[in-house]
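User: Hello! I would like to learn how to read a structure feature by feature, starting with aromatic rings. Could you walk me through it?

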Amino acid sequence: MKVTGKLTKTEWLILALTAAFLAALLLLYRDASLTAAGADYTISTQRRAAEAVTPDPPEPKGPVDVNTAGLEELQTLSGIGPALAQRIIDYREANGPFASVEDLVKVRGIGEATLEKFRDSAAAGVPEAGDTNLEEDAAA
């Protein structure tokens with residue numbers, strides 16, 4: 001039979017934890033009130049100007065010829081952004097046209113995984129007959 005009026009050790013512990021929690025809560029409230037009372041600020045809002053929406057580049061009607069495509073057209077290939085498209089163009093200008101789509105792995109930043117993303121939507125068109133770079137490659 002329990003004697004009323006006396007608290008057990010567990011009840012004292014619960015009571016002490018509750019008191020500590022309430023004291024911490026009171027201190028946090030007091031600190032927040034003092035911070036807010038001492039701050040002199042106003043909040044204003046402004047509407048942002050509507051940003052111009054740039055349309056997505058048009059989808060190519062057929063495979064993108066990596067030997068003739070410009071910067072925008074190369075960016076329509078999956079995984080090719082502006083920097084990588086520029087590297088493709090720079091490589092093409094320095095080394096001549098690509099003999100096949102697989103030659104794109106020679107461009108820094110294009111590995112097998114990137115190539116797989118766009119292999120089916122790219123083509124390496126037949127270079128013009130007057131292109132001397134291919135003739136030099138074939139002789140080597």
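Analyst: Gladly. Let us start with the aromatic pairs: the count here comes to one. Please keep in mind throughout that this is a predicted model.

User: Which two residues form the aromatic pair, and how should I read its geometry?

Analyst: The general idea comes first. A pair of aromatic rings is described by the distance of the centres and the angle of the planes. In this structure, the partners are tyrosine 91 and phenylalanine 98, with 5.5 Å from centre to centre and 10° between the planes. The pair counts as stacked because planes under 30 degrees apart fall in that class.

User: Is phenylalanine 98 buried or exposed? And what about tyrosine 91?

Analyst: Phenylalanine 98 is buried, with a relative accessible area of 2%. Tyrosine 91 has a relative accessible area of 23% and is partly exposed, because buried requires a value under 20%.

User: Now to helices. How many residues does α3 have, and what does it reach from end to end?

Analyst: The helix α3 has 14 residues, and the distance from its first C-alpha to its last is 20 Å. That is close to the 20 Å expected at 1.5 Å a residue. After α3 comes glycine 96, which has a positive phi, near 90°.

User: Which residues of α3 are buried, and how do I read their spacing?

Analyst: Here is the general idea: an α-helix has 3.6 residues a turn, so residues three or four places apart point the same way. In α3, the buried residues are Leu84, Ala85, Ile88, Ile89 and Arg92. Looking down the axis of α3, they fall within an arc of 145°, so they line one face of the helix. The packing partners of these buried residues are α2 and α4.

User: Which exposed residues sit on the face of α3 turned away from the buried side?

Analyst: That face carries Pro82, Glu93 and Ala94 as exposed residues.

User: Could we zoom in on one residue of the buried face? What does isoleucine 89 touch?

Analyst: Isoleucine 89 belongs to helix α3 and counts as buried, at 10% relative accessibility. Leaving aside neighbours within four places in sequence, isoleucine 89 is in contact with Ala69, Gly70, Leu71 and Leu74.

User: On to charges. How many salt bridges does the structure hold, and which residues are linked?

Analyst: There are three salt bridges, and they link Glu102, Glu112, Glu116 and Arg119 in a network. To read each bridge, look at the closest N and O atoms. Arginine 119 pairs with glutamate 102 at 2.5 Å. Glutamate 102 lies in the loop between α3 and α4 (112-118), and arginine 119 in the loop between α4 and β2 (122-123), so this pair ties together parts that are 17 residues apart in sequence. Arginine 119 also meets glutamate 116, with 2.5 Å from N to O, and glutamate 112, where the closest N and O atoms are 3.5 Å apart.

User: How accessible are glutamate 102 and arginine 119?

Analyst: Glutamate 102 counts as partly exposed, at 39% relative accessibility. Arginine 119 is partly exposed as well, at 22%.

User: How do I read a loop residue, then? Where is serine 78?

Analyst: Serine 78 is in the loop between α2 (71-74) and α3 (82-95). Its relative accessible area is 38%, so serine 78 is partly exposed. Not counting residues up to four places away in sequence, serine 78 touches Thr114, Lys117 and Phe118. The C-alpha atoms of serine 78 and arginine 119 are 9.2 Å apart, although 41 residues separate the two along the chain.

User: Last, what pattern does the whole chain follow?

Analyst: The chain has five helices and two strands, and along the sequence these read α-β-α-α-α-β-α. Of its 140 residues, 19% count as buried. The chain exposes about 11200 Å², with carbon and sulfur atoms supplying 59% of that area. Among contacts between residues at least 6 apart in sequence, 44% join residues at least 24 apart.

Conventions. Residues numbered from 1 in each chain as written. Predicted model: local features only at pLDDT ≥ 70, side-chain atom pairs only at ≥ 80, totals over all residues. Heavy atoms only, no water. Helix = DSSP H or I, 4+ residues; strand = E, 2+ residues; numbered from the N terminus. Buried < 20%, exposed > 50% of the residue type's maximum accessible area, 1.4 Å probe, protein only. Contact = heavy atoms within 4.5 Å. Salt bridge = Lys/Arg side-chain N within 4 Å of Asp/Glu carboxyl O. Areas by Shrake-Rupley, 256 points an atom, 1.4 Å probe, with all protein chains shown as cover. Phe/Tyr/Trp six-rings, centres within 6.5 Å; stacked < 30°, edge-to-face > 60°. Expected span 1.5 Å × (residues − 1). Arc of directions from axis to C-beta.
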